[in-house]
Amino acid sequence: MTRTIRVGCGLGFYGDTFLPALEMIKKGSVDYICFEHLAELTLAILQKDRQRNPSEGYTKDLVPMLQACWREASAKGIRLISNAGGLNPRGAAEAALAVARELGIKARIAVVEGDAILDRLDEFLPFHHMETGEPLPEQIRQRALFANVYLGAQPIVEALKTGADLVITGRVADASLFLAPLAYEFGWPFNDLQLMAIGTVVGHLLECSSQVTGGNHGGRWEEIPDLDRIGFPIAEVSEDGTVIITKTPDTGGRVSFDTVREQLLYEVHDPRAYITPDVVLDLSQVRLSELGPDRVQVSGIVGHPPPERYKALLGYEDGYMGQAVIGYSWPEALKKAKATEAILRRLVERMRLPVQEIRVEYLGYDSFHGALADPAQAEHLNEVYLRFAVRTTDRWTAEQISRMMVPLALGGPPTASGSIGFDRTRALIGIWPALVDRGPVDESIRVKVLEV
Amino acid sequence: MKLKDLAFSRSSDKGDHVDISLFAYTEEGYRLIEREVTAERVAAYFAPLGIGAVERFEVPSIWALKFVIRNALDGGASRSIRADNQGKTWSGALLRIEIQTHSSERSED
C-alpha cells in the first residue's frame, strides 16, 4: 500500500487565528502542521520591533500559539514547521524553548538561518531591480529596513533530518514550508521536478489557510457554512504524488471545485510559470475532481527547472501617509463631503504643507472602485465619509491632516459626524525585489538545534 | 448581462501589480468570457484608475482566466495611500462589465 502523509496549515498570516490549528491537532489526524506568518511586509514590522529590542524581530504570535497547541501536538507526535523566525530565527527558537520548559515537554527545535542579507548586501550589489533592471540607488540602500532571500525547501528538509519537533525559519518561499515535510518523508529527490511540482502545489493551496476552505470566496459565498468556525486545510499526499485537499472534520467552511480553483490561481501571475526556488509550476493543465464532501483531488501539475537565482526582497522607508476621515448624512451628503475636500485642499495650500500626493476617496461611494463606481448613486446617498489622505516625506506634515480636519466638525458643512481615522499616520515602505546568486546564500545557510 | 452573472472573481496584489482571477460558473460561460473579456477590453475598462499593461492567461480545464494588471498600485501596497492598497476589490469592479450574448446563447441559459 502506498504511504500517505497528512500535512495541514496552521496559520495563513501574522494576525491569523490559531484556534483552527488546535482543532486540527485534536481532530485532523495530521503528521505535520506548517505555519505561515510572513507576508511581504511583515519583515518591516519586525525590523521596528528589533530596533526597539534586539531580542525581538520574530512574530509575536509564536509564543501564544505554542502555548495553546504544543503540548497536544507533542503528545501526538505532530511536527511543526514555522517561519515565525522573521528577522531573528534564533530569538524565536529561544522563546519557543522557554515555552517548552513552561509546558514541561521535551522538545528539539531546529533553526534555519541565512536568509537575511542586509548586513552583507555588498556581496550582492548592484542588486538590480528584478523588473526594471535598475541598480540599487545608494539613497534607497541607506533607508533599507530589511533584505531577505526567499529560501527553498532544502534547508527545512535538513532541519527535519535532525529529528526536530519544531522547525523555525526566517524568510522562505511560502510553498516550500509545505513541500519540505513531503520531500523529507518520502525521500523525494529535489531533481525530480514532477514530485517537486506536486509538493509545491500543495504548499501553494494551503499557505493562505482558510482562503482554500471557503474564506474570502468570490463565488456563492453565502452558501459556505459556518464561517465562524471555519476549518483550516489539510493535504493528504501519497508517496506516488496523489494529492487530496480536505480540511479538519466537523468544522465550518467548505473544500470544493470552486474553493480550490480559486486559491490555485491566487497571486500566481502566469499560470504556466509560477516560480518558486524549488521548481517552476505549470498549472495550465490542472485537473480538479470532487471525490466527496470537502475532498478535492488535484492532478495534472507539471514541473519545470527552478530559476538559477534566488529572489530577494529589500524593504525601505519611503515616506508617510497622513489621513483623516469624516462622515456626512443625507441630505446632500456627497456635496457636503466634497465641500470639505475643497476646504482641506485650500488649507494644505495656505499652510504650504509639502505633500507629494493627495488622494481623496468617499467611503460608501467610490473608495474602492474610484472612477469605475456607479455615478447614478451619487445624489441619493444616505451618508458618506470623506477620506483625505496625503503622502509626505516627514511624519510631522502627515500628522497635520487630521489636525486640520478636527475644527471642521463645527466650522465646516453641516451634519458632520462619525469622525474616525485621526492619528492614523503610517510609515510607508518601498519594496525593491532583486535576483541574487545562489552560491553565496547557500554557503551561509545554517541549521542549528536547541533542546530541552 | 453583467459578467457577475457568468463568473466569480478574486484579486490581490503582487508588488505593484494587481492579479485578478476570473472563474466561469459553467463551461458555456467560460466560452463566453474567453471571447468577450479580452486583455484589451480589461485594459480599457481599468484605464481610468491609472494602470500599465494588461496580460491575460487562460486555464480552460478549470474555466478560468487570469489578468495581470501592471503598475496599478502606486509602487506597491506598502507605499500606496489608497483605501484598497492591495487591489482586493478590483475583482468586484471587473464583474460590472457588460457581456454581449447572441440570441442562441441566451436561449441556452
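Predicted model: local features only at pLDDT ≥ 70, side-chain atom pairs only at ≥ 80, totals over all residues.

Colleague: What makes strand E2 (residues 32-35) of chain A and strand E3 (residues 79-82) of chain A a pair?

Modeller: Two strands pair if DSSP finds at least two bridges between them. Here E2(A) and E3(A) share 4 bridges and run parallel, so they pass the test. The names are DSSP runs too, numbered from the N terminus: helices are H or I with at least four residues, strands are E with at least two.

Colleague: Which strands make up the open sheet of chain A, and in what order?

Modeller: There are 10 strands, in the order E11-E12-E8-E7-E1-E2-E3-E6-E4-E19, with mixed pairing.

Colleague: Why do E11 and E19 of chain A count as edges?

Modeller: Each has a single partner strand, so one side of E11 and one side of E19 have no neighbour in the sheet. On average, neighbouring strands of this sheet are turned by 25 degrees against each other, direction ignored. Axes here are lines fitted to C-alpha atoms (for helices, over the stretch in contact), with angles from 0 to 180 degrees between N-to-C directions.

Colleague: Why does A:Glu207 count as buried?

Modeller: The rule goes by C-beta atoms placed from the backbone: 20 or more others within 10 Å is buried, 12 or fewer is exposed, and in between is partly exposed. A:Glu207 has 24 C-beta neighbours inside 10 Å, so it counts as buried. A:Glu207 sits in the loop between helix H8 (193-206) and strand E7 (233-238) of chain A. Leaving out residues up to four places away in sequence, A:Glu207 touches A:Cys9, A:Gly12, A:Glu36, A:Asp174, A:Ala175 and A:Phe178. A contact means C-beta atoms within 7 Å, again placed from the backbone.

Colleague: How do you know whether the span of H8(A) agrees with its 14 residues?

Modeller: The expected span of a helix is 1.5 Å times one less than its number of residues. For the 14 residues of H8(A) that should be 20 Å, and the end C-alpha atoms are 20 Å apart, so it agrees. H8(A) is mostly covered as well, with 12 of its 14 residues buried. H8(A) lies across E1, E7, strand E8 (243-247) and strand E12 (295-299) of chain A, at about 170 degrees to E7(A).

Colleague: Over in chain B, what makes you say that both faces of E2(B) are covered?

Modeller: B:His17, B:Asp19, B:Ser21 and B:Phe23 on one side are all buried, and so are B:Val18, B:Ile20, B:Leu22 and B:Ala24 on the other. Strand E1 (residues 7-14) of chain B pairs antiparallel with E2(B) over 8 bridges, and B:Ala7 stands opposite B:Ala24. E2(B) is also joined by 6 bridges to strand E4 (residues 64-69) of chain B, again antiparallel.

Colleague: How many residues does each chain bring to the contact?

Modeller: Chain A brings 39 residues and chain B brings 30 residues. E18(A) gives the most to the side of chain A that touches chain B, with 5 residues. By class, that side has 17 nonpolar, 11 polar and 11 charged residues. Nonpolar covers Ala, Val, Leu, Ile, Met, Phe, Trp, Tyr, Cys and Pro; charged covers Asp, Glu, Lys and Arg; the others, Gly among them, are polar.

Note on methods
Residues numbered from 1 in each chain as written. Chains lettered and ligands numbered in written order. Contact = placed C-beta atoms within 7 Å.
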